[in-house]
Amino acid sequence: MRAAILFSMLFMCALPVVAQEQAEESAPAPTVAEPIAPYDDQLLRLSEVLGSIHYLRALCGANEGNQWRDAMGSLIATEEPGPNRRARLVSSFNRGYRAFSTTYTSCTPAALLAVDRYMKEGVSLTSQITGRYGR
């Protein structure tokens, strides 16, 4: 669903032209809200999971390079989001990355358990999104 917010100024009385121009210049520019997919909450969570996995797998020596960051890039390319939606997806990825980078500085059994759980959650989210929405 695409929602548009339109701002317009209507003058009921005659105002001098100069006053009208000043009012129009100070009015906020019209903005167009980006469409939100019904699965955005799941997609944002998946982005966060990918960020977490990206950090934890590297920390635990998986030597996968940018596999998980590239997966995030593919997700964004597939979705073709507008700038605001893209920023939210990237922010979620970064939040997932930072959450574990502040917690773990070395690979521990708890970090490995987190990787396992996040991998399962990522598979589940992907399955739910593609199964229900076909993306």
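1. Cys60 and Cys107 form a disulfide, with 2.1 Å between their sulfur atoms; a disulfide is taken here as a pair of cysteine sulfur atoms within 2.5 Å. By this rule the count is one disulfide. The torsion about the S-S bond of Cys60 and Cys107 is about 95°, so the disulfide is right-handed.

2. The pair links distant parts of the chain, 47 residues apart. Cys60 lies in the loop between α2 (40-59) and α3 (67-79), while Cys107 lies in the loop between α4 (83-101) and α5 (109-133).

3. This is a predicted model, in which local features need pLDDT of at least 70 and side-chain atom pairs count only at pLDDT 80 or more, whereas totals for chains, interfaces and linings use all residues. Residues are numbered from 1 along each chain as its sequence is written, and side-chain values use heavy atoms, with hydrogens and water left out.

4. Buried means under 20% relative accessible area, exposed means over 50%, and partly exposed is in between (1.4 Å probe, protein chains only).

5. The protein has five helices and two strands, in the order β-α-β-α-α-α-α from the N terminus. Helices (H or I, at least four residues) and strands (E, at least two) are DSSP runs, numbered from the N terminus.

6. Of the 135 residues of the protein, 27% count as buried. Among contacts (heavy atoms within 4.5 Å) between residues at least 6 apart in sequence, 74% join residues at least 24 apart.
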